[in-house]
Amino acid sequence: MEKLAIHGGKPVRSTPMPPRIMFDKTEKQAATRIIEKTMTGNQALDRYGGIEVDQYEKEFAGFFGRKFATAVSSGTAAIHSALASLGLEPTSEVITSPITDTGAVMPIIFQQCIPVFCDVEYETLNPSPESIKERITKKTGAIIVVHLAGMPARIDQICKIAQKHDIPVIEDCAQTHCAKYKGKLAGSFGTLSAFSLMSGKHTTSGGQGGMVLTDDENLYWNAKRFADRGKPFNSTEETNLFIGLNYRMTELEAAIGRQQLKKNKKIAEKRRKIYKQIMEGFKQELVAFRIVEAIPDSEPDPWFLFVHVQKDKLKAENQILAQALQAEGIPVGKKYIIPIYQQKWFKEKNTFGTSKFPWSLPYARKIEYEHCCPVAEKALENHMTLYIHEGYGNKEAEDIINAFKKVENFFLK
Ligand SMILES: Cc1ncc(COP(=O)(O)O)c(C=O)c1O
C-alpha cells in the first residue's frame with residue numbers, strides 16, 4: 001500500500017493550492033477613483049460625502065429583488081441592525097442554530113434577548129423546520145435562519161411556520177451570496193436578510209462589510225437608524241430617536257463592493273462546478289467519505305464543503321484523518337465548530353460585567369442548554385470541512401479526490 005505523506009510518503013499534492021484572488025483591475029480602478037476624490041479635499045470616504053454606498057445599496061437590493069438595503073460595517077453589524085430594527089422587548093426569545101458564527105448570536109445578547117437553539121438537519125447541518133416549530137413559545141420574537149456553507153436551508157417551510165405565529169424571520173446569508181431555493185435567491189425569503197461582506201466570503205466590500213435587506217419600509221428605516229446611532233432618518237424629529245451604534249459602511253468599501261457584486265453570479269457558477277465535480281468523484285471512488293448534498297430544488301453557492309465521515313468504516317478519528325489529508329496537501333479541518341451553547345463565553349454567560357444579563361433579567365424564561373441539540377452535536381462530530389474556492393480547476397478537484405482515496409484506503413477497516 002502507498003505510504004501516506006504523514007508517514008514520510010510522497011504527498012498527492014506537493015504544490016500549495018492556488019491562492020484565492022478576488023480583485024482585478026476593476027476593484028483597483030474603483031478604489032483609486034475614491035482615493036483620487038479625497039485629494040480634492042471633499043468628504044469622499046464617508047458615505048455622506050459620496051454616492052457609492054447609496055448606489056451599492058440600490059444595486060444589492062436589486063440583485064436580490066428586494067425593496068430596501070442598508071449597508072453596514074460587518075455581517076455581525078448586519079445581524080445586529082436587522083434584529084434591532086424589530087424593536088423586541090428585553091427577554092424576548094430568538095430562535096437560531098447552534099451551528100453558526102458567534103457574530104450571529106452575540107447581537108441577540110446585545111439586544112437583551114434570549115437565544116433559543118433549534119436543532120439541525122443531519123445532512124446539511126442547517127436549521128430544522130420541525131425543531132424550530134417545537135421551540136416557538138409566546139416569548140419568541142424572531143427566528144434567525146442561517147444558510148450554512150452556501151447550502152440553502154428549508155427557508156420557505158420555516159417562513160410558513162413563522163407566519164402562522166406572526167414571527168419575523170431574519171435570513172443569515174453571510175455564507176451564501178448567490179444560492180437559490182425553489183428558483184428564488186436565498187436572502188429574498190425572510191422578513192429581513194443579513195449578509196457578511198468580509199474578504200473571506202463569496203464577495204466582499206473590502207476587508208469587512210455587511211448588508212441588511214428587507215421589503216418592509218419601517219424595518220428599513222429602523223435598521224438604517226440603528227446603524228447610525230438612532231439618527232432621525234425619515235422623521236421630523238431633530239434629535240436621535242433611539243440608541244444605536246455607528247455601523248456605517250465607507251465609500252471605499254462600497255466602491256469595491258459594487259465591482260464584486262457584478263462578479264457574484266460567476267463566482268457562484270464556478271464554485272458550483274467544482275463542488276459537483278468533487279461530489280461526483282467522491283460518489284464514484286469513495287465509500288467512507290461523502291460530500292454533503294444540498295436539499296432538493298436548490299442550487300447551492302458553496303462556501304466550503306462539509307464532508308461526511310462514515311466513522312464505522314474507518315480505523316482513525318477525524319483528527320488523524322484531517323492530519324493525513326493536510327499532509328497530502330488538502331485544505332481540510334477536522335470539525336467545523338463547537339456548538340455555540342458549548343462555547344466558553346456562552347456557557348459562562350460572560351456578557352455585561354458579572355450580571356449574566358440577559359439570562360438573569362426578571363421575566364427571562366429559564367432555558368436548559370445542555371445537549372439541547374443532539375443532532376447538531378452528532379453532525380458536527382461526523383463532518384469534516386473541505387475548503388474550496390472559485391480559483392480551483394480540474395487538477396485541484398482530482399488531487400482532492402485522489403488524496404481522500406489514498407487516506408481512505410489506508411484507514412479502511
Ligand atoms: C453565518 C455567519 N453569520 C454571521 C457572520 C458574521 O459576519 P462578520 O464576520 O462579517 O461580522 C459570519 C461570519 O463568518 C457567519 O459565517
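Tutor: A residue is called buried if 20 or more other C-beta atoms lie within 10 Å of its own, with C-beta atoms placed from the backbone. We're looking at a predicted model, where local features need pLDDT of at least 70, side-chain atom pairs count only at pLDDT 80 or more, and totals for chains, interfaces and linings use all residues. Residues are numbered from 1 along each chain as its sequence is written.

Student: What makes strand S8 largely enclosed?

Tutor: Five of the five residues of S8 (residues 192-196) are buried, so the rest of the structure largely encloses this strand. Leu192, Ala194 and Ser196 point one way, Ser193 and Phe195 the other, and all are buried. A strand here is a DSSP run of E with at least two residues, while a helix is a run of H or I with at least four, both numbered from the N terminus.

Student: How do you know that S8 and strand S9 pair?

Tutor: Two strands pair if DSSP finds at least two bridges between them. S8 and S9 (residues 210-214) have five, in the antiparallel sense, so they pass the cut-off of at least two. In S9, threonine 214 is the bridge partner of leucine 192. Strand S5 (residues 169-172) pairs with S8 over three bridges, in the parallel sense.

Student: Why are S10 and S13 said to stand at the edges?

Tutor: Their open sheet of four strands runs S10-S12-S14-S13, with antiparallel pairing. S10 (289-291) and S13 (332-333) each have a single partner strand, so one side of each is left without a neighbour in the sheet. S13 pairs with S14 (residues 383-387) over two bridges.

How values were computed: Buried ≥ 20, exposed ≤ 12 C-beta atoms within 10 Å, placed from the backbone.
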